[in-house]
Amino acid sequence: MEQQISIQSFDPEILEVMHRNYPDTELSFLVGDKSLEENMKSLTFTPQIYSPHFKLITDAAMVKAVHKKQMKLIPWTVNMPEDIVFMVSLKVNGIISDYPDRVLEILK
């Protein structure tokens, strides 16, 4: 089952425990503030997914920086159509939204 789930958490300690005890489980580091570099200092490993609040992603440089660290970039909670369009234009790896129908419509 470890290969079929993804654990998301804002708490670095939880992610550390999961990484140590379940190394094959995909982990997503949810963050709401600070820079990529500052946030990554709170972990001793690189998770598979970096998941910041979408307003922290202002340009393609952030996407490039996250990908350079070998992580997927999946912002949260992208609800407004204009924000969804912007995230899609930056080529993020996924989108967390309360309105998946909006995301799917824009992806068409």
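Where is Leu-36 found? Leu-36 is found in helix 2, where helices (H or I, at least four residues) and strands (E, at least two) are DSSP runs numbered from the N terminus. The model is predicted, so local features need pLDDT of at least 70 and side-chain atom pairs count only at pLDDT 80 or more, while totals for chains, interfaces and linings use all residues. Residues are numbered from 1 along each chain as its sequence is written, and side-chain values use heavy atoms, with hydrogens and water left out.

**Nonpolar core**

- The largest nonpolar core has 23 residues; such a core is a set of buried Ala, Val, Leu, Ile, Met, Phe, Trp, Tyr and Cys residues joined through side-chain atoms within 4.5 Å.
- Buried means under 20% relative accessible area, exposed over 50%, and partly exposed in between (1.4 Å probe, protein chains only).
- The residues with the most contacts inside this core are Phe-29, Tyr-50, Ile-57, Val-66, Leu-73 and Met-87.
- At least two core residues come from each of helix 1 (12-21), strand 2 (26-31), helix 2 (36-40), helix 3 (60-68) and helix 4 (81-89).
- In soluble globular proteins, nonpolar side chains tend to be buried together.

- Leu-36 counts as buried, at 4% relative accessibility.
- Leaving aside neighbours within four places in sequence, Leu-36 is in contact (heavy atoms within 4.5 Å) with Tyr-50, Ala-65, Val-66, Lys-69 and Met-71.
- Leu-36 and Tyr-50 are 14 residues apart along the chain, and their C-alpha atoms are separated by 8.6 Å.

**Aromatic pairs and a charge over a ring**

- The structure holds 2 aromatic pairs; rings of Phe, Tyr and Trp (its six-membered ring) pair if their centres lie within 6.5 Å, and planes under 30 degrees apart count as stacked, over 60 as edge-to-face and the rest as tilted.
- Phe-10 and Trp-76 form an edge-to-face pair, 5.4 Å centre to centre with 90° between the planes.
- This pair links distant parts of the chain, 66 residues apart: Phe-10 is in the loop between strand 1 (6-9) and helix 1, and Trp-76 is in the loop between strand 4 and helix 4.
- Phe-10 is partly exposed, with a relative accessible area of 47%, whereas Trp-76 counts as buried at 17% relative accessibility.
- Phe-29 and Tyr-50 form an edge-to-face pair, 6.4 Å centre to centre with 75° between the planes.
- This pair also links distant parts of the chain, with Phe-29 in strand 2 and Tyr-50 in strand 3 (residues 49-52), 21 residues apart.
- Phe-29 and Tyr-50 are both buried.
- Not counting residues up to four places away in sequence, Phe-29 touches several residues, including Phe-10, Leu-15, Met-40, Leu-43, Ile-49, Tyr-50 and Ser-51.
- Arg-102 lies over the face of Tyr-99, at 3.8 Å from the ring centre; a charge sits over a ring if NZ of Lys or CZ of Arg is within 6 Å of the ring centre and within 35 degrees of the ring normal.

**Helix 1**

- Leu-15, Glu-16 and Met-18 are buried in helix 1.
- Seen down the helix axis, the buried residues of helix 1 fall within an arc of 165°, so they line one face of the helix; the arc is that of the directions from the helix axis to the C-beta atoms.
- The face turned away from the buried side of helix 1 carries the exposed residues Glu-13 and Arg-20.
- Strand 1 and strand 2 are the elements against which the buried residues of helix 1 pack.
- At the start of helix 1, a side-chain oxygen of Asp-11 reaches to within 2.9 Å of the backbone nitrogen of Glu-13.

**Buried Thr and Ser**

- Thr-25 is placed in the loop between helix 1 and strand 2, and is buried with a relative accessible area of 2%.
- Not counting residues up to four places away in sequence, Thr-25 touches Glu-2, Ile-5, Ile-7, Met-18 and Gln-48.
- Ser-51 lies in strand 3 and counts as buried at 0% relative accessibility.
- Beyond four places in sequence, the residues that Ser-51 touches include Ser-28, Phe-29, Ile-74, Trp-76 and Ile-96.

**Positive phi outside glycine**

- Lys-34, in the loop between strand 2 and helix 2, has a positive phi near 70°.
- Lys-34 is exposed, with a relative accessible area of 53%.
- Gln-70 is not a glycine but has a positive phi of about 65°.
- Gln-70 lies in the loop between helix 3 and strand 4 (72-73) and is exposed, with a relative accessible area of 68%.

Notes:
A polar contact is a pair of N or O atoms within 3.5 Å; within protein, one must be able to donate a hydrogen and the other to accept it, and residues adjacent in sequence count only if both atoms are side-chain atoms.
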